[in-house]
Amino acid sequence: MTYLPISFRQGLLLSCSLVLSQPSSAAEPAAEATEVPEATVTQATQDSELQGLVDRVKALEDTVELMSTVQPSQAPATVAPAPTAARPEASNLDVALILDAAVAWFSQESLQTGAHDPSDTGFHLQQLEMSLGENVDHIFELRANLVFSALGVEVEEAYGRTLALPGGFQVRAGQFLTPMGRLNLTHPHTWSFVDQPLVNGTLLGSEGSRGSGVEVSWLTPLPWYADVVVSATDPAGECCARSFMSGDDLGVRTPLDFVYTLGLRQFFELTNDLGLAWGLTTQQGPNSTGNGNRTEIYGTDLYLRWRPASATSRMAVSWTLEGMMRRRQIPGGLRVDTGAYTQLVWNLNPTWETGLRYGYVSGSPEDDLIPEATDDRHRVSGQVTYRPSHFSRLRLQGSRDNPLYRDEPIWVGMLAVEFLVGAHGAHSY
Amino acid sequence: MVRFAFVHSFDRLLGTARVMTVLLLLASFPAQAALKVVTTTPDLAALVAEVGGDHVDVITMSRPDQDPHYVDPKPSLVVDLARADMLVFNGLELEIGWLPPLQVNCRNAAVQKGGTGYFDASRYVKVMEANREANRAMGDIHPGGNPHYLYDPREGAKVAIALGAKLAELIPDQRSFLLENAKKTAEKLETMAEREAERFRSLSADQRRVITYHRSLVYVIDWLGLERPMNVEARPGVAPTPSHVARVLNTMRRQKIKTIVQERHYPTTTSNTLARMVKAKVVVYPGGASFADKKELYSQRIQRTAEALYGSLAR
């Protein structure tokens, strides 16, 4: 007794695929008879064609019938042997490597605030970012961003996120960049400039604002996009919570010892080609200057993007404005600092891009966090970017950094390259 | 008198309230709510509308004059997806650059991978140019295969059948109508495909030789029995280099090619220059159905484009 290596069901599917493949192969000989002019088609060939059509209709009828009796997810695989079969989606972990490197020149000692900024004259490995992610199951996805630098490996982000909770809710848990402002949620390779804006480095941290914690967001049922988000994160870390506990980890005793971020993100489609995103955010938590002292940061951001969808050049112009105000309780008083940046970026086509940015942060002689910053600081930067493809870019950037507490402005020149390999998730708007 | 007036107006108020209640009830329990379907491309929208008839309410996320590889993932699209019962997309990585963030952000279980309304149309077609050895040095290649299969009504017919089965699952009350309509649509498309292929065969070999801009027309070329010695782009998705354009020019001269075919969303500068130099013509092939503005159905779009292309080649 021998066993056939196929089950009844497989046999059914096989016959289904045979039925469907027949008409198309039958059509092929006809396709080769290309030199037959229309006028010479005889009655006989017309009849045989009609019969062919009838057969084809019958085949389709059978297919419909079969398809309604078998599992819909299995039927397609037989209709056309899917080329993706060799790349099963169930275990398709997205892995991408992104390398950012730069050579820089500074006219005097630099004051760069970002952890991945080129910080002195010479060559720099800004970062080697490894980005991983995949659906865990039908409820969660896992995303991780590991950054390899000259100092070692750093878990920039690693979080699980729900895919479809009811009521428009979404929960993230793990370590993540907090939803404080617009740029903070993004990684350097999506930025339009080589370095981080002054306000982000000064008020949030050299790595931006991030921490271990949990975040809940709610997509409201309003007719336009309005998303409310709240997160609670650990208050310590010089890199990523510098306005809060920064380098002093005094531990968490009450729920008030966490950093809370609350935000409202909205989007208005002004025309088909013009969109406006508007965010309002605040961050509140303890600071390390004394028992019970707290810090509040308030921010707003606007992003206006004009992209004529039908332009064959694929050009786009986007304008960003992001401003923040920080109130810190310190022994014997309250310090208020502000900072902002605005940038205009013009993508002429997929290959060329240029942009202009102005940034500012306040300073004062009483600043305890950056004693050197006794006065305001202004910086203007311009960049030109060349992209041979979506996966590589070359960026030339020049800046005039003017901290009013220095005698001379700092002139900066940077040439940065970026290479991306692997499957990297698409970016949000 | 005053009391009377009050009673009278109170009565009227009650009457209004009654009418309002009835209206509200009518609004909240429509006789049959159409299934909300969001598609990534206008061709898919036109096909869903053709198969689903009045039982579907279709929105397309991109327009026919837009390059479907590069759609901005606008948050307004998140709202559309959040309220959808079904997501129909092209697959083969056509939307890889913009659909995934929308899907995660919309938090709608129905449209997530494996959800009840998740429909990848590419799983039902015969894919051309699948290339597992694809490397990015070759350009913007889709390893799963060429994603522009809906330009060919024979593939559209297969998707129609599969759509009918899926819609029947989601709208069980209309099961027989949907299966029947899907079959009818598929038959119509098959017949049309045959008829047009026959018509194009009447063209001379010279007339059937064309240059295309992007590798997006391989299914049309296969269906209509055209011949395409070269593309204007040397590598898909990468702007053509001057030396490659020179090779295209030579080929056009040598083989007496008189037509360059390309979609509206690709730049025309290079094609126009080439056409001027060899006295050829640039034919703009519509990237999709005029669904959002004209409610054009998929079969109408195929018929329209085939006729226009035939007209250009036969001249």
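This is a predicted model: local features need pLDDT of at least 70, side-chain atom pairs count only at pLDDT 80 or more; totals for chains, interfaces and linings use all residues.
Start with A:R307, in the loop that runs between strand 10 (294-306) and strand 11 (316-330) of chain A. Its relative accessibility is 10%, and because the cut-off for buried is under 20%, A:R307 counts as buried. The neighbours of A:R307 come from both chains: A:D273, A:R314, A:M315, A:A316, B:Y70, B:V71 and B:D72, leaving aside residues up to four places away in sequence. With one of these, B:D72, the side chain of A:R307 makes a polar contact, side chain to side chain, at 3.3 Å. Another neighbour, A:R314, lies over the face of B:Y70, 3.4 Å from the ring centre. Within chain A, A:R357 lies over the face of A:F193, at 4.6 Å from the ring centre.

Now move to chain B and its strand 1, residues 35-39. Of its 5 residues, 4 are buried, so the strand is mostly covered. Strand 1 of chain B runs parallel to strand 2 (residues 56-60) of chain B, and 5 bridges join them; in one of these pairings, B:K36 has B:D57 as its bridge partner. Together with helix 2 (residues 42-52) of chain B, these two strands make a right-handed β-α-β unit. Strand 1 of chain B is also joined by 3 bridges to strand 3 (residues 86-89) of chain B, again in parallel, with B:V37 opposite B:M86.

Helix 4 (residues 99-106) of chain B is largely enclosed by the rest of the structure, because 7 of its 8 residues are buried. Among them are B:L99, B:P101 and B:C106. After this helix comes B:R107, which has a positive phi, near 60°.

Aromatic rings give another way to follow the fold. Over all chains there are 12 aromatic pairs. One of them joins B:Y149 and B:Y219 edge-to-face, with 6.4 Å from centre to centre and 80° between the planes. B:Y149 sits in the loop between strand 4 (118-120) and helix 5 (153-170) of chain B, while B:Y219 belongs to helix 7 (residues 218-223) of chain B, so the pair ties together parts 70 residues apart in sequence. Both B:Y149 and B:Y219 are buried.

B:F200 and B:Y310 also form an edge-to-face pair, at 5.3 Å centre to centre and 75° between the planes. This pair links helix 6 (residues 175-201) of chain B, which holds B:F200, to helix 11 (residues 298-314) of chain B, which holds B:Y310; the two residues are 110 residues apart. B:F200 and B:Y310 are both buried. In chain A, ring pairs link A:F267, A:Y303 and A:Y429 into a cluster.

Note on methods:
Residues are numbered from 1 along each chain as its sequence is written. Chains are lettered from A and ligands numbered from 1 in the order in which they are written. Side-chain values use heavy atoms; hydrogens and water are left out. Buried means under 20% relative accessible area, exposed over 50%, partly exposed in between (1.4 Å probe, protein chains only). A polar contact is a pair of N or O atoms within 3.5 Å; within protein, one must be able to donate a hydrogen and the other to accept it, and residues adjacent in sequence count only if both atoms are side-chain atoms. Contact means heavy atoms within 4.5 Å. Two strands pair if DSSP finds at least two bridges between them. A crossover is right-handed if, with the strands pointing away from the viewer, the path from the first strand over the helix to the second runs clockwise. Rings of Phe, Tyr and Trp (its six-membered ring) pair if their centres lie within 6.5 Å; planes under 30 degrees apart count as stacked, over 60 as edge-to-face and the rest as tilted. A charge sits over a ring if NZ of Lys or CZ of Arg is within 6 Å of the ring centre and within 35 degrees of the ring normal.
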